[in-house]
Amino acid sequence: MQQPAPGPAPERPGPLAGIRVVDLSKILAGPYLTMSLADLGAEVVKVEHPDGGDPTRRWGPPFQGDDATYYLAANRNKRSLTLDLATEQGEEAAHRLLARADIAVENFRPGSSLARTFAYEQLSARHPHLVVLHISAFGEQGPLAGEPGYDMTAQAAAGLMSLTGEPDGPPLKAGYAIGDLGAALFGLAGVTAALVERTRTGRGQYLTTSLYESQLALHVNWATAHFATGERPTRLGSGHPSLVPYQAYATADGHLVVAVGNDALFRSLAAALGLPGLADDPRFTTNSARVTHRTALNAHLEPLLATRPTAHWSALLQGAGVPAAPVRHLDEVYTSPQTEALGMVQTVDHPATGGPLRQVAFPVSFHGVRPPVRTAPPALGEHSAEILTELGYDEAESARILGGPAS
């Protein structure tokens with residue numbers, strides 16, 4: 001007898017299923033980190049002030065529903081609870097939440113009343129199992145430790161803007177918030193490592209990271225080159241300090257990135273472009289020589305690549321085994337066959353608009369399955385009543401905490 005076709009595979013619990021997270025942070029670094037934990041299966045409660053909540057809810061246009069898309073980008077798969085943490089009732093409700101949590105993430109301004117109220121010394125005394133991550137702009141020590149900061153100030157202070165832009169142009173920030181996102185990703189590694197250590201010790205701990213520190217960690221080869229030579233690195237546009245040719249070139253209708261990582265690839269490039277003599281020119285035979293004679297080599301490549309469209313050169317070089325890619329706009333990226341094949345753009349119902357909300361999904365798959373976008377970013381206080389009930393408050397107590405009348 002013919003067997004029925006198998007149904008869809010059951011949804012696997014995420015690797016962090018059962019882990020509870022209290023998100024006391026706002027803006028981007030903390031919320032992106034906690035969203036990543038939520039993507040991995042953790043239960044995340046986002047605690048927001050009743051008066052407006054996370055400031056990024058208003059960082060628009062564009063908006064979708066009542067909230068700015070900036071907020072929507074970093075808060076899916078969470079529940080929202082509104083508490084005024086400066087009040088006795090709000091503080092006590094937060095402690096009930098923390099008592100059952102595994103991780104707390106905060107970015108309270110150093111020296112603020114909330115930083116003092118929720119200092120790790122107090123938290124560890126009441127909740128010794130808790131892993132607490134504090135994210136700041138510039139770190140816990142040093143002359144800038146107490147300074148507030150946003151992503152752009154971190155990019156400036158930590159040197160990224162000095163490396164971004166054309167050599168004869170002004171310094172530029174990176175196209176997206178790599179200061180915030182770098183701190184989020186290093187913080188994510190830190191809290192998951194602390195959870196592993198807790199399985200051995202039974203105790204939580206206090207972790208810190210900052211936008212500034214994360215930027216220094218991402219300098220990588222720029223730092224080691226400076227330490228070796230003592231020279232101040234300068235902007236190279238899209239060029240690479242240690243590889244040539246490794247940059248974007250103008251074509252007849254756009255730009256093409258050519259990435260030559262070794263001498264064999266350069267010989268393949270020269271042959272594909274119909275310039276085999278370049279590979280025998282002593283100025284260009286080795287990568288070291290090409291770095292020294294970057295301008296001279298580009299004098300051959302730039303006018304040639306400008307004569308034909310991007311698609312022509314991309315197909316030609318890829319066919320020759322030379323890494324090359326068109327510089328695409330985001331609308332092209334999101335609709336590309338590669339993005340579709342990877343399932344990186346997912347859709348979730350967004351109750352506030354009555355329509356779909358598209359999201360870029362978590363970039364790691366488990367057993368070949370990408371963690372799903374389960375729920376839309378919550379409306380402000382959307383889950384307050386149900387969370388307070390879970391914490392043991394009755395209806396009248398919840399109403400007092402939330403500032404409304406009991407029914």
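Is G392 buried or exposed? In this predicted model, in which local features need pLDDT of at least 70, side-chain atom pairs count only at pLDDT 80 or more, and totals for chains, interfaces and linings use all residues, G392 counts as exposed because its relative accessibility is 52%; the class of exposed residues begins over 50% relative accessible area, buried means under 20%, and partly exposed lies in between (1.4 Å probe, protein chains only). Residues are numbered from 1 along each chain as its sequence is written, and side-chain values use heavy atoms, with hydrogens and water left out. G392 is placed in the loop between α17 (384-390) and α18 (395-402).

The protein chain contains 18 helices and 13 strands, assigned as DSSP runs (helices H or I, at least four residues; strands E, at least two) and numbered from the N terminus. Its C-alpha atoms fill a box of roughly 85 × 75 × 45 Å along the principal axes. Of the 407 residues, 42% are buried.

The search for salt bridges (a side-chain nitrogen of Lys or Arg within 4 Å of a carboxyl oxygen of Asp or Glu) returned 16 across the whole structure. One of them joins D23 and K78, with an N to O distance of 3.2 Å. This pair links distant parts of the chain, D23 being in strand β1 and K78 in strand β5 (residues 78-82), 55 residues apart. Both partners are buried. A further salt bridge connects E390 with R100, the closest N and O atoms again being 3.2 Å apart. Because E390 belongs to helix α17 and R100 to the loop between α3 (88-99) and β6 (103-106), the pair ties together parts 290 residues apart in sequence. E390 is partly exposed at 40% relative accessibility, and R100 is partly exposed at 23%. By contrast, E197 and R200, bridged at 4.0 Å, both lie in helix α8, three residues apart, about one turn of the helix. R200 is exposed, with a relative accessible area of 63%. Through shared partners, salt bridges join R20, E43, R79, R100, E386 and E390 into one network.

Grid points are joined across faces, edges and corners, and a volume is the space filled by probe spheres set on the points. One cavity of 30 Å³ or more was found, and the largest cavity has a volume of about 50 Å³. Its lining consists of R20, V21, V22, E43, V45, L97, R100 and A101. Strand β1 gives the most to this lining, with three residues.

The largest pocket has a volume of about 1,500 Å³. Among its 45 lining residues, Y32, A73, L330, Y334 and V360 are the closest to its centre. Helix α8 gives the most to the lining of this pocket, with five residues.

Technical notes
On a 1 Å grid over the protein atoms alone, a cavity is a set of points where a 1.4 Å probe fits but cannot get out, and a pocket is an open set with protein on both sides within 12 Å along at least five of seven lines; lining residues have an atom within 4 Å of a point.
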